[in-house]
Amino acid sequence: MAINPNSNAALELSDQKDYIMNAPIAEVAAHLGMDIDEAVKMRVLAAVEAASPKMDVAVRPIEPQGNLYGFASVTIGGVKIDDFKIVENKDGELFVGMPSKPDKGSQSGFRNTVHVDKDFREAFSAAVIGEYHAAVREAQSRAANLKAAPDKPRMAEQVQSAAKEAAKHNADLPPKEKTAKHRGERE
């Protein structure tokens with residue numbers, strides 16, 4: 001249920017958020033019937049949620065190559081990070097692999113160049129995998145639409161047809177016009 005921003009409920013919610021963020025923490029704890037630690041945690045979580053930068057995800061699905069299904073770029077607060085990998089695990093579930101570079105000293109031969117903390121990783125992975133599935137559905141829809149319209153000529157056929165028409169038009173021009181038009185001259 002959406003709350004009308006001009007309603008009393010919206011004002012009460014806004015007042016409550018303002019109270020939680022600005023009132024003395026001991027007063028907030030007493031008012032909400034919790035201990036001070038819980039009130040501090042609630043205030044910190046509210047502040048982090050309010051300050052969370054916008055995350056934009058762009059994915060590029062590929063024809064699966066082994067367990068690699070695509071790549072992603074993520075922009076968080078104006079910082080763009082490329083080369084996340086969309087990979088299938090042994091259970092057939094997709095997960096987000098971090099960008100990495102070769103490292104002879106590591107066991108796998110690669111070292112991650114980006115690290116996402118455990119608290120943020122779940123939301124981050126869900127956003128990337130969700131965008132991947134949306135991109136795959138869109139590609140499948142476009143492919144189905146192309147198959148559904150067999151009477152529509154393909155691009156190569158359109159180019160060949162246009163070339164034939166241009167050749168026929170040029171063949172019908174008198175020799176002097178052909179030469180003048182090719183040189184950009186006027187009669």
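**Reading the contacts, core and hairpin**

Analyst: Among contacts in the protein chain (heavy atoms within 4.5 Å) between residues at least 6 apart in sequence, 25% join residues at least 24 apart. This is a predicted model, where local features need pLDDT of at least 70, side-chain atom pairs count only at pLDDT 80 or more, and totals for chains, interfaces and linings use all residues. Residues are numbered from 1 along each chain as its sequence is written, and side-chain values use heavy atoms, with hydrogens and water left out.

User: How do I read the order of the elements from the N terminus on?

Analyst: Helices (H or I, at least four residues) and strands (E, at least two) are DSSP runs, numbered from the N terminus. Here the order is α-α-α-β-β-β-β-β-β-α-α-α.

User: Which residues touch the most other members of the largest nonpolar core?

Analyst: A nonpolar core is a set of buried Ala, Val, Leu, Ile, Met, Phe, Trp, Tyr and Cys residues joined through side-chain atoms within 4.5 Å; buried means under 20% relative accessible area, with a 1.4 Å probe and protein chains only. In this case the core has 15 residues, and Phe84, Ile86, Val96, Met98, Phe124 and Val128 touch the most other members. α4 gives the most, with 4 residues.

User: What joins β3 to β4?

Analyst: Two strands pair if DSSP finds at least two bridges between them. β3 and β4 (residues 94–97) run antiparallel, joined by 4 bridges; isoleucine 86 has valine 96 in β4 as its bridge partner. The two strands form a hairpin with 5 residues between them, and glycine 92 in the turn has a positive phi of about 85°.

Conventions. Buried < 20%, exposed > 50% of the residue type's maximum accessible area, 1.4 Å probe, protein only.
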